Amino acid sequence: MQKHIHLTIRICAITTAAVIAGWIVVALLLPIFGLHLWQQEAELQGRTSLRFSRAALPFENKADLDASLPFMAGAVLDVDNDGREEVFLGGGKHQNDGLFRLENGRFVNITDGLFPPKADGDASMGAASLDINDDQLPDIFVARESGLWLYESSPDGYKARFLSTMPQDNTVPLSIALGDVNGDGWVDFYASGYIRNDLVEGTTIFNKPYGGYSALFINNGDNSWHDSTKEAGLFRQHNTFSAVFADLDNDHDSDLVIAQDTGHVEMYANDGRGHFSPIPNPSVFSYPMGVAAGDYDNDGLIDLYFSNVGHTMPAPLVRGDLTKDQPFNPDYMLFHNEGNLRFTDQARARHAARYGFGWGVVFADMNLDGREDILAAQNYARFPSFLATTYPGKLLLQYANGRFRPVEKRSHAKNNHYGIAPLVGDYNNDGQPDLVWANLAGPARAYLGRPGKNHWLKVRLPNTTRSLNAIVTLTTDEGRTLTKQRIASQGLNSDQTRDLVFGLGTASAIKTLRIQYQDGKDITITAPAIDQLLLVGAAP
C-alpha cells in the first residue's frame, strides 16, 4: 500500500512538472504566435488575369551579413543595344558581379570576357546605367564598399575605372541616382551614403547626430566629377538608403527625393542651376527606404511611393530613441503630387499602406491597362526566422477605383527570399513587363510576364544624359492621356528598364506622343503604331 502511495505521489509530481513545463512552453510561444498574427498583412489577394512563368536565373548572392551592410546592387540594361534587355546583379565580398541574358527561356551568365571581376573582399551595394560616352552602349556606375566605380563600355567589353571614395571616411556608398542637375548635358550623380558596417551603433537612432554622409558629384564636362554637396545645399549627416532625380513640378529640371534611414523623407527643389531648397512633405519619423516615382493617377504629375518597416514589428520596438511626443509612422507612404510642389499621403486611402518590412519599390504598369502598379521587395535578412513572418514580395495591382491590391500569389510571381529590389524589364522583348527579384544572401528569382489582351507602346529614348527626366505624354484616340518620365535609379540600390512602357488597355490607336527634354527640345510624333518598340532619335 505504501509503495502505491509513493508511486502515486511520484506520478502526480511528474504530471505537475509536465503541466508546469507545458504552461511555460505555452507562455513562451504565445508572444511569438501573437507577433506572427500581428505581422499579417491587411490586404487579401485581388483578382487578376495577369500571369507569370518562372525562368531559371543561376545567381545566388553570397552576402556576408556579419561583415557587410545588408544590400546588393541590381540593374536592367541592354549591354549590346539589340533591343533585348539583360540584368546586372551585384556580388558579395568574395563573389563576382554577374550579367545575365535570357536565352531559350533561361537566363545565362554572360559575365566572362565582358565584365571584369571586382576585387575579392569588396561587396557591390548599388548600380545605375547610362550611355555617358555616346557609343550607343550602356556604361555602369557601381557603388561598393571600396567606393564609387565606373564601368565604361567598349567593343571589347567593359573597362573598370575607380572614381572616388566617399568624401567622409566613415561612409559607404549604397546607391547612385543619375541626373543632370545644372542642365549642361553631362551626367551628375547623388551617392547615398550609410555608415560603415564596423561603425554601426544601432539601427533605431533618430535623435542624435549619427550616420554616414551622402554626396552630390557634379560632372566637370569630361566625365570626371567633383564633390559639390555643400555648394548645392545638400550637406548633412544621416544614414541614407536611396534617392532619385525627378521633375516634380514640370519645370524641366531635376529635383531630388531622398529616402533616409530613421528620419523623414527629404525632398529638394532644383533652381535649374544645381542649387536645391527643401520641399515640405507629409512624412513624420519613419524608416523610408526604397523610392518609386511615377504618375499613378495620370494627372501629368510625378507621385512618389516609399517603403517602410511596416508592421513586421510592433511600433514600440522600432521607435528607438524617439520621445513620446515625436510622431512615428511605420506605414508605406504614397505621396500624391497636388501641384506647386505640394504633396499629400494617400497610402491608406489607396490601400497601399500596411505591409511588411519593405525595401526597394518601383512603379510599373505590369498588366498594361494604363494604370501604374507597384512592386515592393520585402523581408529583412537580420531578423531571426522564428520571429518574423516571411513575406512574398508585393505586386500591388491598381484597379479602376484607384486602389491597390496585392496579386503576387495569384499572378505566380511571389518571392519569399530576402528581397532588396524588383528589377523590371522586357527580357524576352515581347512587350510584356518581366520581373527579376534581386535577393540578398539567396537566389535571384525571375518571372516572365505572359502576354495578355491589352495593347502597349514601348518608347526608347536615347540612352544619354539629355533624356534624363524627359517628360513623355501619350494621348490615345479616345482622349486618354498618360504621362511618364525617364527616371533613373528607381527601387533601392537599383536601376530599372530605360524604356517607357505605356499600357494602352483596349485602346486601338494613339493620337500623339510628345517628348519634352530638359534642354527645351520638344518633339511630337503623330499616330505611332501600337504594340511596338518605338525608337526615338536624339534630341535635335
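Contact is defined as heavy atoms within 4.5 Å. The model is predicted, so local features need pLDDT of at least 70 and side-chain atom pairs count only at pLDDT 80 or more, whereas totals for chains, interfaces and linings use all residues. Residues are numbered from 1 along each chain as its sequence is written, and side-chain values use heavy atoms, with hydrogens and water left out.

Leaving out residues up to four places away in sequence, Leu 57 touches Val 87, Leu 89, Phe 100, Phe 107, Val 436, Ala 444 and Ala 446. Leu 57 is among the residues that touch the most other members of the largest nonpolar core, together with Val 87, Leu 89, Phe 107, Trp 359 and Met 366. This core has 59 residues; a nonpolar core is a set of buried Ala, Val, Leu, Ile, Met, Phe, Trp, Tyr and Cys residues joined through side-chain atoms within 4.5 Å. Buried denotes under 20% relative accessible area, exposed over 50%, and partly exposed in between (1.4 Å probe, protein chains only).

Strands are DSSP runs (E, at least two residues; helices, H or I, at least four) numbered from the N terminus. Six of the six residues of strand β15 (residues 255–260) are buried. Asp 255, Val 257 and Ala 259 lie on one side, and Leu 256, Ile 258 and Gln 260 on the other. Pairing requires at least two DSSP bridges between two strands. β15 pairs in the antiparallel sense with β14 (residues 240–246) over six bridges, with Val 244 opposite Val 257. The antiparallel pairing of β15 with β16 (residues 265–270) comprises four bridges, and Ala 259 stands opposite Val 265.
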